[in-house]
Amino acid sequence: MAVIYCFSGTGNSLYAANKISAEINAEVVNMKSVGECDADVIGIVFPVYFWGLPKTVERFLGDIRITNKNAYIFAVITYGGLAGGADGAVDVLLKKQGVKLSYSAKVRMVRNYLPEFKVNDSKALWEKTDRRLDHVISDIKRRAVSKIAPYTAFNKTLHQNYPPLKTDCGKLFTVNGCRHCNACAYVCPNGNITLENGSPKFGSNCELCFGCVHICPAGAIDYNNKTQGKKRYKNVMQYEIHQLNARGFNRTRFEIDYTKPRNILTVEYVADEYSFTYEGGYPDSSVMINCLELGINSETGIAEQISGYHAYPIWKSASLTPPEAKDGALVMLDKIESGVTYQMKDNVTTYYDKSNGWLCIGALDCDNAEYVRFSENCIAAVGDGKLAAIWVSLPTDCEIMKRLK
Ligand SMILES: Cc1cc2nc3c(=O)[nH]c(=O)nc-3n(C[C@H](O)[C@H](O)[C@H](O)COP(=O)(O)O)c2cc1C
Ligand code: SF4
Ligand code: SF4
């Protein structure tokens, strides 16, 4: 059995982890899901921070219990310019529990440390990264062993400048021009962002991963006056980080009630904000489908409308025939408290059809599904008590339909 533990702020390390996992048939797991590990191949994939380890990685290596002392353990460390000896730091922590790092590789990727550097995203750099990753994958497949450089005193000194070691970084963020899309809260690997009246509030458990800064579609989040006006990094994998972070429930059950009227609200998609939005007040609780929010009235359980961040670069083109549906209400059967959000665990694909403006968020076909038009331009598919898909009809000449390929 092979498992890859991953930490990623802006998607680079998740990209590397996914690419390796596809080749060695490993499961990619969030570094927060630690406990005992009895795998015989263990990957550790993360970004270098100030020539050393992000807080999460350090904690993970202290907490995980590796029971197979002969496991092949590899580290793949992504970096932006100079990686230092972060692999040495991994080895020091592994040795404390009687295992050692078998192989390590550093992979140069787009640098995301915005206070000091501009984003250097380019096709040429991605090609180099891919070539390097191919090489690393072939090393891992043949169980290559490498010499791990020691973690030097100089290295340690440099790592002391990693701001979260001395500062409450959360205090250094400012927000200007928030459009209330939720994306920052969902991408945060530490759950350090809560939304108050739709705008982010930062706690004191910041890793300084810059996920929130880069993902914000409005460029509304700045750090310590050093990121203003700088171009943000848009990596498609960023949109999948929330999936790595998701603390899923998957226990939400729905039913359709045709005796109740459908909602009269129409949802629109704002392409520049990567988000759904609608006018008409927001319900007090919700179910998250990826980053998308299905607003639920906690008193009645009735789902009102979808809203929030839903990145179109990862939608898939398909030929869609909208299902026949009757008007009614989509009702969540589980009691949900006001202010609470449930996260659906499954990763959901969105399909689109430019020819008729339809989107299908979720399963295209679903056995035993019933369809209800629960709001002006949305249909829900419910099968065996589970929400299988939400269909949305948008005008064929709207901005997002023009942008989709
Ligand atoms: C807080 C912080 C510190 C960083 N320190 C370094 C560094 O010391 N050396 C380096 O080459 N890159 C450094 N980087 C860049 C990242 O390691 C690099 O962009 C990485 O691929 C990001 O991975 P991610 O997208 O998975 O978060 C730093 C980035 C951050 C956010
Ligand atoms: S608050 Fe922002 S920078 Fe800090 S850990 Fe969360 S996403 Fe990363
Ligand atoms: S990502 Fe940006 S626009 Fe969206 S809620 Fe956070 S600060 Fe506001």
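In this predicted model, K19 and D134 meet side chain to side chain in a salt bridge, with 3.5 Å from N to O. K19 sits in helix α1 (residues 12–24) and D134 in helix α4 (residues 123–141), so the contact ties together parts that are 115 residues apart in sequence. Neither end is tucked away: K19 is partly exposed at 22% relative accessibility, and D134 is partly exposed too, at 43%. As a rule, side chains of opposite charge can pair when their charged atoms come close. The structure holds 16 salt bridges.

R262 turns up in more than one of these contacts. Its side chain meets that of D327 at 3.0 Å, N to O. D327 belongs to strand β19 (residues 326–327), while R262 is in the loop between β12 (254–257) and β13 (268–270), so this pair links parts that are 65 residues apart in sequence. D327 comes out as partly exposed, with a relative accessible area of 39%, and R262 is partly exposed at 25%. R262 also forms a salt bridge with E376, this time at 2.6 Å, N to O. E376 lies in the loop between β24 (370–375) and β25 (378–383), so here the parts tied together are 114 residues apart in sequence. Through shared partners, salt bridges join R262, D327, R373 and E376 into one network. For E376, the relative accessibility is 32%, again partly exposed.

Strand β4 (residues 41–47) is another story: 7 of its 7 residues are buried, so the strand is largely enclosed by the rest of the structure. The cover is on both faces, with V41, G43, V45 and P47 buried on one side and I42, I44 and F46 buried on the other. β4 runs parallel to strand β1 (residues 2–6), to which 5 bridges join it; in that pairing, V3 has I42 as its bridge partner. Strand β6 (residues 72–79) also pairs with β4 in the parallel sense, over 7 bridges, and there I44 stands opposite A75.

Ligand 1 has 24 residues around it, of which S8, T10, S13, G81 and L82 come nearest. Backbone atoms supply several polar contacts. Oxygen atoms of the ligand lie 2.8 Å from a polar backbone atom of N12 and 2.8 Å from a backbone N or O atom of V48, whereas a ligand nitrogen is 2.9 Å from a polar backbone atom of F50. The protein covers 95% of the 650 Å² of accessible area that ligand 1 has on its own.

As for cysteines, the disulfide count is 0. C206 is buried at 10% relative accessibility, and C209 is buried at 8%.

Notes:
Residues are numbered from 1 along each chain as its sequence is written. Chains are lettered from A and ligands numbered from 1 in the order in which they are written. This is a predicted model: local features need pLDDT of at least 70, side-chain atom pairs count only at pLDDT 80 or more; totals for chains, interfaces and linings use all residues. Side-chain values use heavy atoms; hydrogens and water are left out. Buried means under 20% relative accessible area, exposed over 50%, partly exposed in between (1.4 Å probe, protein chains only). Helices (H or I, at least four residues) and strands (E, at least two) are DSSP runs, numbered from the N terminus. Two strands pair if DSSP finds at least two bridges between them. A disulfide is a pair of cysteine sulfur atoms within 2.5 Å. A residue is near a molecule or strand if one of its heavy atoms lies within 4 Å of it. A polar contact is a pair of N or O atoms within 3.5 Å; within protein, one must be able to donate a hydrogen and the other to accept it, and residues adjacent in sequence count only if both atoms are side-chain atoms. Accessible areas come from the Shrake-Rupley method with a 1.4 Å probe; for residues, only the protein chains shown count as cover. A salt bridge is a side-chain nitrogen of Lys or Arg within 4 Å of a carboxyl oxygen of Asp or Glu.
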